[in-house]
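Dear colleague,

I am passing on the structure we discussed. Please look through it first; my notes follow below.

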Amino acid sequence: MITMSNILEVEAANFMAFVGARPPRPDSIFILVMGMTGSGKSSFIADCTGRKDVEIGHDLESCTNSVAIFRENLNGRDVYLIDTPGFDDTNKEDVEILTAVAHYLSVSYANNVSVNGILYLHRISDTRIGSSTRRNLEMMKALCGEDAFENVAVVTTMWRADDSEPELAKQRAREQELQDVYLHDMATRGSQIIRHDRCNTLSERRTSARGIFLRMVALWQDTQVTLQIQYEMVDCNMTLKETSAGQVLEKYIRQDQNSCQSDLERPDTSPSNLTYHDTHEVQLRALAHIQPDAPSNEIQMLLAENNRALEAMRLSLVEIHARQEQKFLSRVSVMENEWKEALRWREEEYRLKELEYRKRQREQESHLRRLDSRTRRVEERERDLEERRAKTLQLEASSNSATEKELERLRLEVEKLRLETASKLDTTERARHEWKGPLLQGLATGGLGIVGSLITAGMLCCVQ
């Protein structure tokens with residue numbers, strides 16, 4: 001039976017394999033799954049692997065910025081699907097996501113674990129290619145680099161095959177626009193565009209996803225690629241800001257900065273005069289009219305936040321790893337405290353229930369003693385009292401039996417929780433050692449050079 005503690009251990013092991021903390025099997029296959037939020041990444045992975053827990057927010061994901069890794073054994077080979085978060089037009093969060101993705105991909109590459117291919121999921125149901133979609137596509141291209149395009153497949157999702165022919169024609173036109181305009185450079189370098197469109201029923205959807213999965217594994221199983229972000233951060237020792245992906249993100253942040261600065265300098269910052277580039281948050285707060293100068297204050301706050309985001313991209317891989325380590329250890333501590341608190345709460349519930357049961361037993365024994373005394377004093381009513389006593393004993397026995405069953409159920413639940421908590425705490429404790437141990441060893445031995453010595457395999461999952 002799979003429990004949450006089992007899932008934590010399995011996913012931790014998957015992450016350690018991907019970043020090289022626990023060397024994966026030599027013939028392992030690693031496939032990135034990318035795309036905007038809502039493009040169907042989690043459902044696609046669930047359909048590919050048959051896992052029912054893919055869309056559950058596990059404890060591990062609180063340490064990984066929603067990055068999760070799933071392993072499927074295919075013809076005796078381990079295939080890892082790496083579910084990555086999408087870039088969604090919020091500068092601060094996008095910088096955090098880029099930092100996360102760049103971090104674990106670089107650690108993986110530094111430890112000789114290579115990516116075989118990339119699946120990028122795109123919603124064909126969107127009526128137009130909006131700014132968020134363009135941003136995600138640009139970031140994907142910059143992260144992968146032209147040399148890796150041959151190992152990229154763009155999977156179009158959310159096809160509505162049951163719609164009328166005119167609607168289907170619109171979707172096909174959007175597909176053609178995607179291929180001719182936004183993915184032309186990738187297609188000419190070998191990227192594939194694949195429809196995930198036979199999805200009228202759950203069975204059809206799973207068959208379609210599984211078919212795409214098997215097809216791409218067969219194509220990529222004997223090829224490995226170095227992504228642009230890996231080459232830049234590990235081989236060239238660039239800061240995040242200097243990388244191709246960092247420059248794309250900086251471009252969008254600068255656009256927002258310029259728009260915000262223009263709005264600040266404009267006398268009237270009413271909602272009707274805010275520019276197209278203003279964030280959704282600024283528009284909402286401006287519409288709220290919290291105070292007369294609220295739009296100006298919000299724009300200044302956004303400018304400050306964007307400046308902090310730009311500053312965060314100036315870090316090298318070594319500096320990023322140091323910060324990630326602090327975040328990881330802090331989040332692990334919070335997670336462990338939550339587990340311990342949940343166990344304490346269940347233990348206290350069981351203790352109170354047991355006290356209540358013991359108190360009831362004592363009251364019943366006292367009642368029986370009083371009844372026996374009354375029986376001896378009133379012999380002429382012995383038969384009647386005996387019948388009453390028998391009925392009382394029968395009711396009490398029934399009540400005791402039910403209470404004992406409830407108490408035993410609670411006891412078993414508490415014991416199970418104790419074992420699961422102990423297992424999870426053991427997993428996180430090993431994660432601490434596997435993070436720190438190889439770092440110290442690398443510093444002492446010279447290891448793999450500056451990157452190898454400082455970011456070698458001592459990492460479980462902290463990629464935020």
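**Notes on the model**

The protein chain exposes about 23,200 Å², and carbon and sulfur atoms supply 49% of that area. Please keep in mind that this is a predicted model. Of the 464 residues in the protein chain, 47% are buried. The protein chain has 14 helices and six strands. Taking contacts between residues at least 6 apart in sequence, 77% join residues at least 24 apart.

**Helix α3 and its two partners**

I looked at two packing contacts of α3. In one of them, helix α3 (residues 91-110) packs against helix α8 (residues 228-235) at an angle of about 70°, and their axes are 9 Å apart. An angle of 65 to 115 degrees counts as roughly perpendicular, and α3 and α8 are therefore roughly perpendicular to each other. From α3, the residues in this contact are A102, L105, S106, Y109 and A110; from α8 they are I229, Q230, M233, V234 and D235. By type, the contact of α3 with α8 has seven nonpolar residues, two polar and one charged.

The other contact is with helix α9 (residues 244-265), whose axis comes within 11 Å of that of α3 and crosses it at roughly 170°. That makes α3 roughly antiparallel to α9. Here N91, D94, V95 and L98 in α3 meet A245, G246, L249, I253 and D256 in α9. The residues of the contact of α3 with α9 comprise five nonpolar, two polar and two charged.

As for burial in α8, the buried residues are I229, Q230, E232, M233 and V234. Among these, I229, Q230, M233 and V234 are also in the list of α8 residues that meet α3. After α8 comes N237, with a positive phi near 55°.

**Helix α4**

How far apart are the end C-alpha atoms of helix α4 (residues 131-144)? They are 20 Å apart, which agrees with the 20 Å that its 14 residues should span at 1.5 Å a residue. The expected span uses one less than the number of residues.

Is α4 mostly covered or mostly uncovered? α4 is mostly covered, with eleven of its 14 residues buried. The buried residues are S132, T133, R135, N136, L137, M139, M140, K141, A142, L143 and C144; R135 and K141, both on that list, count as charged. G145 follows α4 and has a positive phi, near 85°.

Regards

Terms used:
Residues are numbered from 1 along each chain as its sequence is written. This is a predicted model: local features need pLDDT of at least 70, side-chain atom pairs count only at pLDDT 80 or more; totals for chains, interfaces and linings use all residues. Side-chain values use heavy atoms; hydrogens and water are left out. Axes are lines fitted to C-alpha atoms, for helices over the stretch in contact, and angles run from 0 to 180 degrees between N-to-C directions. Helices (H or I, at least four residues) and strands (E, at least two) are DSSP runs, numbered from the N terminus. Angles under 35 degrees count as roughly parallel, over 145 as roughly antiparallel, 65 to 115 as roughly perpendicular and the rest as oblique. Contact means heavy atoms within 4.5 Å. Buried means under 20% relative accessible area, exposed over 50%, partly exposed in between (1.4 Å probe, protein chains only). Accessible areas come from the Shrake-Rupley method with a 1.4 Å probe; for residues, only the protein chains shown count as cover.
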